[in-house]
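Here's a quick tour of a protein structure, written for someone just starting out. Keep the 3D view open and click along as you read.

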Amino acid sequence: MITSIGLENVVVAETDLSLVDGQKGQLVYRNYWARDLALEHSFEEVAHLLWYGHLPSADELAVLKEKLAGEREIPFHIKSIIDAIPENADMMSVLRTAVSALGTPDHGWPPTMEQVISLTAKMPTIIAYRYNRLQNKEPKAPRADLGHTANYLFMLKGKEASEAQVRALDAYLILTQEHGLNASTFTGRVVASTRSDLVSSITAAIGALKGPLHGGAPSEVTDMLEAIGTKENAEPWLRAALEKGERLMGFGHRVYKTMDPRAVALSKVASSVAQDDPWLDLATHVEKVALKLLEEYKPGRGLNTNVEFYAAAVMRSIGLEAELFTPSFAVSRTVGWSAHILEAANNRLIRPQSIYTGTIPAE
Ligand SMILES: CC(C)(COP(=O)(O)OP(=O)(O)OC[C@H]1O[C@@H](n2cnc3c(N)ncnc32)[C@H](O)[C@@H]1OP(=O)(O)O)[C@@H](O)C(=O)NCCC(=O)NCCS
């Protein structure tokens, strides 16, 4: 029997959706560089590529946009459920509960494109509804005339965001739509492999994304940068953390042993939306010092900047608060999760084994 703790280097599926090349630092979505898609296309166009297998024609794009826009409203009972969740619950827990409650008898097996579109369309509305309720603001109804990302920002901020802000968030959301069999996508595929429904798979995936070693990292990057505070404090702070055996958030990746291509693309986006932002200046300095110290304390481990480091910078620069970072990641990754679930609909049950290390009773 082959043992691989953490399933490192174990292949459990074939996919047409993406190639994550950890040695070359490359990310491909169905024959396109993800970095090019992020800069040249919209959220809906890339979702179409992942779901249907090709970039849309103008007509196909119009149809998809209309379908997504038509599914944004969340039903009354979902709003009541969100309102009943204690105020101190974190946004990912709210999202998980609300998505779970979307499951109805007609959400059965096999998953359909209509279910996928409906769920993807509702994610931003759930987050914005909760966000506004906690701030005692009247939640804004979704606007059908805006694209997915522009509408998300509109519902959060209560006014239309600038084009530069929409482009920056669009780039982040595209770069994080899909990433092979990461922990949350794998989780979703495991649930789907039992022929459970789409809502159950996505609910489970949200639970996996919530953890700080996966999607929970960007808000911890912000905490780290706030604790560091000044450029002068970067080296002593980071050194002290590494001396204590702590992990530096926003660095390291299971697959990428060189630069994470999403971090490279996002650092450019961050510089374009936040040129004179002192916070970005601090982040760039901290990155440089952290990479030097990681090489000193963990030589040969291939620890580099990952997507979460610059995700924090981009989202902060467009005025999103830290509590919205991981939920925004869920907004984009729903596309990849659902594409995998559709692709895996007829796959074999995923069922690995464990080695029993306890004792055996006498017969
Ligand atoms: C992403 C991550 C979970 C990948 O973990 P992994 O593949 O299981 O890596 P391992 O836990 O096997 O780590 C390998 C070595 O690098 C070290 N390491 C990994 N990431 C590190 C980090 N961010 N800071 C300091 N050391 C780190 C580990 O301590 C380990 O050291 P050792 O060989 O002395 O035991 C890990 O790099 C991490 O925790 N990063 C911080 C959280 C983060 O940014 N997550 C977002 C990912 S996109």
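Ser-42 sits in the loop between helix H1 (34-40) and helix H2 (43-52); helices here are DSSP runs of H or I with at least four residues, numbered from the N terminus. This is a predicted model, so local features need pLDDT of at least 70 and side-chain atom pairs count only at pLDDT 80 or more, while totals for chains, interfaces and linings use all residues. Residues are numbered from 1 along each chain as its sequence is written, and side-chain values use heavy atoms, with hydrogens and water left out.

**Two buried residues**

- Is Ser-42 buried or exposed? Ser-42 is buried, because its relative accessible area is 15% (buried means under 20%, exposed over 50%, and partly exposed in between, with a 1.4 Å probe and protein chains only).
- Leaving out residues up to four places away in sequence, Ser-42 touches Arg-167, Asp-170 and Ile-174 (touching, or contact, means heavy atoms within 4.5 Å).
- Ala-311 belongs to helix H15 (residues 307-317), and with a relative accessible area of 0% it is buried too.
- Tyr-172 and Leu-266 are the residues that Ala-311 touches, again not counting those up to four places away in sequence.
- Ala-311 and Ser-267 are 44 residues apart in sequence, yet their C-alpha atoms are 8.5 Å apart in space.

**Around the ligand**

- How many residues surround the ligand? There are 19, and the closest are Arg-247, Leu-248, Phe-251, Arg-254 and Arg-301 (a residue counts if one of its heavy atoms lies within 4 Å of the molecule).
- Asn-306 uses its side chain instead, with a polar atom 2.9 Å from an oxygen atom of the ligand.
- The ligand has 870 Å² of accessible area on its own, and the protein covers 75% of that (these areas come from the Shrake-Rupley method with a 1.4 Å probe; for residues, only the protein chains shown count as cover).

**Salt bridges**

- Side chains of opposite charge can pair when their charged atoms come close.
- The structure holds 15 salt bridges, each being a side-chain nitrogen of Lys or Arg within 4 Å of a carboxyl oxygen of Asp or Glu.
- One of them joins Lys-210 to Asp-90, with the closest N and O atoms 3.7 Å apart. This pair links distant parts of the chain, 120 residues apart: Lys-210 is in the loop between helix H10 (198-209) and helix H11 (217-228), and Asp-90 is in the loop between helix H4 (76-84) and helix H5 (91-101).
- Glu-160 and Arg-143 meet in another salt bridge, at 2.9 Å from N to O. Glu-160 lies in the loop between helix H7 (148-157) and H8, and Arg-143 in the loop between helix H6 (113-134) and H7, so the pair ties together parts 17 residues apart in sequence.
- Lys-244 and Glu-246 also pair up, at 3.7 Å from N to O; Lys-244 is exposed at 62%, whereas Glu-246 is partly exposed at 38%.
- Glu-235, Arg-239, Lys-292 and Glu-296 are linked in a network of salt bridges.

Key. A polar contact is a pair of N or O atoms within 3.5 Å; within protein, one must be able to donate a hydrogen and the other to accept it, and residues adjacent in sequence count only if both atoms are side-chain atoms. Helices (H or I, at least four residues) and strands (E, at least two) are DSSP runs, numbered from the N terminus.
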